[in-house]
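User: I'm new to this one. Can you walk me through its charged residues?

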Amino acid sequence: MLRIARDLSIDENDLDISFVRASGPGGQNVNKLSTAVQLRYDARRLTLPDDAAARLERLAGQRMTKDGVIVIHAQRFRTQERNRSDAIDRLLELLREAMIRPVPRRATRPTFASKKRRLEGKKRRSDVKAKRGSARFDD
């Protein structure tokens, strides 16, 4: 069992892990060995609250199919074991992030002193710019 939150965990048997050939440049091993990992997890098996499910869908983006299956492709490392653990870690991180409720923003107002400082700075800058340019001679 993989623990996501205090009251939420997924079974490792629900993960569909397959090994494929890694893409990109490489040496002798890239064409012979299947070290990249493709992890598939059906997110509909999880009993998530509606808001968490919506956040998961938004966070997963293109990694989630129309059927609700999350597909993670890991090929960062040279061995199957490290790529497998990397893919599982990335899935768990995605699910943990979806479980966190964002804190709503509270509207605030600038203080009187901050407004005053801003206006004084603008006035100072305006005076500097007004003194630039050609000198005028008033006779």
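User: Is Arg-101 buried or exposed?

Analyst: This is a predicted model, where local features need pLDDT of at least 70, side-chain atom pairs count only at pLDDT 80 or more, and totals for chains, interfaces and linings use all residues. Residues are numbered from 1 along each chain as its sequence is written, and side-chain values use heavy atoms, leaving out hydrogens and water. Buried means under 20% relative accessible area, exposed over 50%, and partly exposed in between (1.4 Å probe, protein chains only). Arg-101 has a relative accessible area of 58%, so it counts as exposed.

User: Which residue does Arg-101 meet in a salt bridge?

Analyst: A salt bridge here is a side-chain nitrogen of Lys or Arg within 4 Å of a carboxyl oxygen of Asp or Glu. Arg-101 has such a link at 2.8 Å, N to O. The pair ties together distant parts of the chain, 50 residues apart: Arg-101 sits in the loop between H2 and H3, and its partner is in helix H1. That partner is Asp-51.

User: And how far apart are the closest N and O atoms of Asp-51 and Arg-55?

Analyst: Both residues lie in helix H1 (residues 50-60), four residues apart, about one turn of the helix; helices are DSSP runs (H or I, at least four residues), numbered from the N terminus. Arg-55 is buried because its relative accessibility is 11%. The closest N and O atoms in this salt bridge are separated by 3.5 Å.

User: What is the relative accessible area of Asp-86?

Analyst: Asp-86 lies in helix H2 (residues 80-99) and forms a salt bridge with Arg-90. Asp-86 counts as buried because its relative accessible area is 10%.

Key:
Helices (H or I, at least four residues) and strands (E, at least two) are DSSP runs, numbered from the N terminus.
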